[in-house]
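I opened my notebook to look up a few places in this structure. Here is what I wrote down.

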Amino acid sequence: MPGSAIVSAAAATAAVALTVAAAFPAVAPGSARGVAEKESAAAPVTDLGPASSVTVLNGSEPIGDRIYVNTGGVSPTVVGAYDPAQKRVTQRYTLPTGQGAWATTAVGTDLYVGTYAPGDLYRVDTTGTSVQKVADVGPDDFIWALDTSPDGKVYGGTYPRGRVFEYDPATGAKRDYGTVVAGEQYVRSIAVDDTTIYAGVGSHAHLMAIDRATGAGKDILPAEFADRTFVATLALEDGVLAAGLSATGTMLLIDTADPTRYEVVQAPNDSYITAISIDAANNDVYFGTRPSGTLYMYDRDTGTLTSLLVPYDGAYFGRIIIDGRTLRGILTSNVVSYDLDTGEYDGVDITQAGMPPAPELAMAIATDGPRVYVSGKAGVQVHDLAAGTSSRVFLPGEAKAMTPVRGELWLSVYTLAYLFRMSPGGEPVRVATLGNDQTRPLDAAYSPSDGLLAVGTQPEYGRYGGALGLYDPGGGHLSVYRDIVPDQSVRSVAIKNGTVFLGSSIRNGLGTTPRAPEAKLAAFDLATRMVTYELVPVPGAKEIVDLVATGDRVYGVTETGLMFEYDPRRRQVLRTAQVADGAPALVLVGRTIYGADTRHVFRVDRSTLTATTVVDDLHTESYSGAMIAAAPDGSALYALRGRNLVRIGLEGNR
């Protein structure tokens with residue numbers, strides 16, 4: 001299946017050379033008045049085409065003999081009518097707003113789609129071509145879940161205010177049930193029967209039963225599961241409510257007539273149940289899990305759990321549809337059909353079936369010289385500079401940091417803070433999992449002298465305390481140090497002379513409130529494997545978003561673009577200066593520091609700590625904000641202009 005999920009896209013055949021020149025007044029070191037910029041000789045900029053293009057499926061819904069699938073992470077959002085018999089998309093619809101859509105439900109032959117950024121509700125007429133926005137969930141900007149009641153009303157859950165809403169297609173009326181659990185941001189799953197709305201809440205798990213008429217709610221999650229982060233998945237059939245709990249791979253089968261009666265089903269060695277479908281006629285339940293990517297069947301009559309299929313390592317089942325004796329699994333970019341009688345299965349790549357890729361919001365960038373890598377949802381775009389080609393390599397997750405190490409690329413991947421290794425021309429191979437309640441890598445750095453890859457992470461939703469992971473690519477040994485900066489995530493890392501410098505963020509797992517007032521710089525000694533000291537380099541800063549170490553100094557930047565110069569020997573911050581608008585990314589070319597925010601690329605004069613503009617007017621559109629990478633030979637920088645990858649020549653700008 002991974003092979004079928006590789007999508008190729010032709011790179012731009014003609015490179016366009018651009019030059020940019022603008023002048024800005026300089027700002028003295030230490031001043032917070034504005035970004036210090038003076039234009040140097042114009043840097044040649046070559047447009048290499050879309051940085052990363054993808055077709056990723058988020059929501060899906062069966063209507064008639066079609067399965068309606070929609071894209072995520074690209075704009076505009078596209079809905080496709082997939083015909084399993086023909087194995088192709090027979091109709092496409094475009095939604096005017098939204099960066100994607102997780103949530104779908106059906107009312108008769110109408111498909112309802114809930115988008116995010118912004119949170120709009122659309123009706124798609126599957127008998128024709130009509131697409132109509134019918135409601136929005138402002139001030140929320142994310143519709144996470146949708147379901148239809150037996151009497152044909154649409155119910156949804158939102159983020160970040162954790163609300164439930166009702167939309168009546170017959171009248172166009174909308175009802176707001178308000179925030180379901182005070183202080184919780186997510187209604188991640190929803191199911192509805194004649195009288196009750198069931199809402200799965202996070203990032204501290206609750207399962208709310210809400211009276212449709214009165215709006216009164218009651219938490220029916222058994223107390224023994226109150227320490228979970230999410231009730232992330234719900235399915236409801238004939239009085240049986242199936243609830244998937246994160247991050248323990250637990251499924252509850254609850255009797256809605258008496259919620260104190262329930263079964264517990266545990267997925268072996270898995271953390272997430274991503275999709276559930278109930279076959280009430282045969283008293284069976286089907287569900288998909290991660291990280292293993294397994295499709296399971298649970299026989300309620302015998303209490304037997306059977307593994308049916310692993311399409312590929314890390315497969316993400318977004319939906320499981322029962323179609324007679326065939327199961328249809330909607331995966332990240334594939335539709336898998338599994339025959340329950342024969343055990344045979346096949347998969348169809350949704351791009352090849354007729355859902356073309358589109359430029360997405362990139363997540364990370366790296367280069368080994370001959371190639372530039374740009375990561376996004378479920379893959380890495382590989383730009384071969386000599387061949388002038390661009391191709392996509394499938395990845396079961398999102399690479400938040402990519403680090404070239406000895407001719408290979410190491411990927412630090414969300415979710416569950418995986419480490420993958422990828423050889424040139426090969427596919428990613430999962431090597432290790434940081435675990436320790438960590439889920440989102442934030443930065444990584446490799447030290448050739450120490451032979452270690454250092455990865456900084458953010459914890460699981462609803463959890464506190466990030467971690468430092470140290471991995472030896474040669475020997476395969478992994479060590480993880482949890483809550484190394486107490487009650488903070490590890491936002492940035494740099495390694496110098498046997499010390500790992502850690503820049504923290506007061507933000508912990510999503511859905512938490514910061515406990516620490518300001519970000520810290522910590523020094524972790526590789527000999528003793530202990531934090532030697534920590535300090536606050538910039539009072540009031542919330543994040544140290546990047547670090548570089550060169551010579552006998554460490555340089556860092558905060559989320560506001562304020563740079564500090566730190567002397568490890570004296571354990572003292574020597575200077576600060578404003579170098580960027582917002583949170584920048586930094587890179588070293590030799591001992592020269594370059595950086596980028598979403599507007600411009602700049603060079604830092606270390607003698608004065610002033611910034612000089614190299615390229616302006618980037619208007620970077622990415623998932624992770626500013627990003628920059630440097631060719632190993634120092635000849636070029638790579639950044640994003642809009643959603644395109646650009647090469648910035650450094651001749652005359654070093």
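I began with the second largest pocket, which has 16 lining residues. Asn-497, Thr-499, Phe-501, Pro-568 and Arg-569 lie nearest its centre. A pocket here is an open set of points on a 1 Å grid over the protein atoms alone, where a 1.4 Å probe fits, with protein on both sides within 12 Å along at least five of seven lines; lining residues have an atom within 4 Å of a point.

This is a predicted model, where local features need pLDDT of at least 70, side-chain atom pairs count only at pLDDT 80 or more, and totals for chains, interfaces and linings use all residues. Residues are numbered from 1 along each chain as its sequence is written, and side-chain values use heavy atoms, without hydrogens and water.

I looked up the space in the second largest pocket: about 250 Å³, the space filled by probe spheres set on the points. I then sorted its lining into five nonpolar, four polar and seven charged residues. Asp, Glu, Lys and Arg count as charged.

Next I turned to Asn-58. I found Asn-58 in strand β5 (residues 57–63); strands are DSSP runs (E, at least two residues). Is Asn-58 buried or exposed? Asn-58 counts as buried because its relative accessibility is 9%, and buried means under 20% relative accessible area (1.4 Å probe, protein chains only). I listed its contacts (heavy atoms within 4.5 Å). Leaving out residues up to four places away in sequence, Asn-58 touches Asn-70, Gly-72, Ala-101, Trp-102 and Tyr-116.

Note on methods: Helices (H or I, at least four residues) and strands (E, at least two) are DSSP runs, numbered from the N terminus. Buried means under 20% relative accessible area, exposed over 50%, partly exposed in between (1.4 Å probe, protein chains only).
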